[in-house]
Amino acid sequence: MHISVIGSGYVGTTIAACFAELGHTVTTIDIDEEIVAALSAGHAPIDEPGLEDLLESHAGDSLEATTSYDAVVESDVTFLAIGTPSNDDGSIDLTALEAAAEATGETLADKENRHLVVIKSTVTPTSIETVLEPAVTRGSGGNENIEVGMNPEFLREGSAVSDFMQPDKLVYGTDSEWATERLHAIYEPLLADHDAHIVETDPATASMIKYANNAFLASKISLVNDLGNICKEFGLDAYEVMEAVGLDDRISERFLRSGVGWGGSCFPKDVNAIIAAAREEGYDPALLEASVEINDRQPERMLELLEHHVALEGSHIAVLGLSFKPRTDDIRNSRAIPVIEKLQDRGAEVVAYDPVAVDPMRERFPDAEYANSAAEALDGADGVAVVTDWDEFAVLDREFDAMDEPVVVDGRRIVERRDGIVYEGLTY
Ligand code: NAD
């Protein structure tokens with residue numbers, strides 16, 4: 001099939017490269033010329049394991065990149081993978097996606113064959129019917145050959161390619177059997193050697209499945225953090241407790257690691273968006289609001305633990321890990337941001353280190369110091385806050401000798417507890 005993918009960010013680039021790998025002909029479209037130039041040269045604009053290899057093998061062959069929407073008309077199906085950020089009140093900002101939907105419609109105004117426009121972006125249940133479908137219709141002058149569907153994406157940054165290639169489920173939100181069949185034809189090569197559940201539903205339900213999924217996972221972590229904070233108050237190890245809890249099949253052992261909280265480009269934005277959408281419908285989603293509140297509390301608890309051992313005013317504090325999770329350079333809503341902000345507010349000098357995310361964080365906090373290694377960050381530090389569980393922090397050892405009296409507050413249970421270190425686990 002010939003597929004066009006609009007938006008070449010984390011999702012758009014990954015799905016485009018994977019569709020090419022599945023044997024489709026793919027054209028990616030982005031308004032950012034630098035991204036398009038990188039993709040045309042077979043380079044990944046983002047840091048994702050396996051992505052560069054896929055781009056190298058398909059760029060210039062079954063995978064083309066352009067800034068022009070003209071390519072849409074040549075394709076059979078168009079995926080929209082544009083960012084859906086938050087407004088100040090947490091509600092979804094559809095401006096960019098709506099513009100892309102309208103521009104897609106414009107290029108399809110005279111198309112005589114049926115064309116499927118698939119929303120890949122995460123959108124609230126009413127967005128397609130009230131905003132996106134009307135935008136496509138407006139653009140196309142009401143061309144009835146165009147249908148709009150929803151196919152939410154569940155990949156995680158850091159393992160985007162393998163998540164996409166081995167999904168637990170594929171959700172097809174469409175208004176017709178034809179559209180469902182089209183989506184199925186796209187994913188069929190993937191299902192040849194991988195079992196995935198197929199969910200066939202309507203676009204609004206498909207949109208809600210994505211939010212329910214993320215709200216559930218985020219709230220599971222917040223619940224585990226709440227229980228973890230209680231464990232800490234009792235002097236108990238939340239990891240020991242949750243390991244036993246996870247033996248219950250109804251709960252599962254996944255997502256039971258307590259710590260400094262969830263971040264990234266999806267959980268915070270999506271939980272806030274569905275809270276705002278629910279409120280607009282007149283419903284008060286009390287549990288989701290509490291999930292956000294508990295998440296906001298964790299960085300503060302980290303600072304309180306540090307303050308038990310170090311007077312922060314005028315101190316040097318090493319912050320280890322800046323990306324929102326390991327194996328990505330994405331710092332969007334990383335817990336390192338409130339940790340650094342709170343340290344600076346209390347008069348501490350921050351020396352930050354991350355294997356790949358120093359540059360984006362330097363833009364966010366130009367006044368912090370940045371080290372080239374964990375060892376350099378620890379040198380002369382009065383305390384350490386571990387925010388991201390990069391593997392290399394598990395093997396820090398003699399590096400702590402560079403501190404006078406090593407104090408480590410570990411927000412991810414990654415550093416090994418050992419003699420000669422004051423070690424505080426956030427929830428254990
Ligand atoms: P992103 O910000 O990384 O990428 C969006 C891209 O769209 C950018 O490259 C931007 O230049 C481009 N763009 C903006 N306006 C455009 C236009 N009019 N025409 C063409 N290109 C345009 O976003 P992302 O992280 O890939 O997320 C996209 C959507 O997928 C969001 O709704 C997000 O919630 C959802 N999602 C993201 C993830 C994830 O892990 N990042 C996972 C699942 C779902």
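The model is predicted, with local features requiring pLDDT of at least 70 and side-chain atom pairs counted only at pLDDT 80 or more, while totals for chains, interfaces and linings use all residues. Residues are numbered from 1 along each chain as its sequence is written, and side-chain values use heavy atoms, with hydrogens and water left out.

**The two domains**

Begin by selecting residues 2–201 as domain 1 and residues 203–428 as domain 2, bounds that come from an automatic or database domain assignment. The C-alpha centres of these two domains lie 32 Å apart.

**The interface**

Next, select the residues at the boundary, where 30 residues of domain 1 are in contact with 27 residues of domain 2, contact meaning heavy atoms within 4.5 Å. Between them the domains bury about 2,200 Å², of which 58% is on carbon and sulfur atoms; buried area here is the accessible area (1.4 Å probe) that two parts lose on being put together, summed over both. Now highlight Thr122, Pro125 and Glu157, which supply 26% of the area that domain 1 buries against domain 2, more than any other three residues.

A salt bridge is a side-chain nitrogen of Lys or Arg within 4 Å of a carboxyl oxygen of Asp or Glu, and the rule finds one across the interface of domain 1 and domain 2.

For the secondary structure on the domain 1 side, colour strands S6 (146–150), S7 (169–173) and S8 (197–201), the elements that give two or more residues to the side touching domain 2. Strands are DSSP runs (E, at least two residues) and helices likewise (H or I, at least four), numbered from the N terminus. Of that side, S7 contributes the largest share, three residues.

**Pairs elsewhere**

Select glutamate 98 and arginine 138, whose side chains meet in one at 3.2 Å, N to O; glutamate 98 lies in helix H5 (residues 95–107) and arginine 138 in helix H6 (residues 127–140), so the pair ties together parts 40 residues apart in sequence.

Finally, turn to the aromatic pairs, of which a search of the whole structure finds nine; rings of Phe, Tyr and Trp (its six-membered ring) pair if their centres lie within 6.5 Å, with planes under 30 degrees apart counted as stacked, over 60 as edge-to-face and the rest as tilted. Select tyrosine 239 and tyrosine 428, whose ring centres are 5.3 Å apart with planes at 80°, so the pair is edge-to-face.
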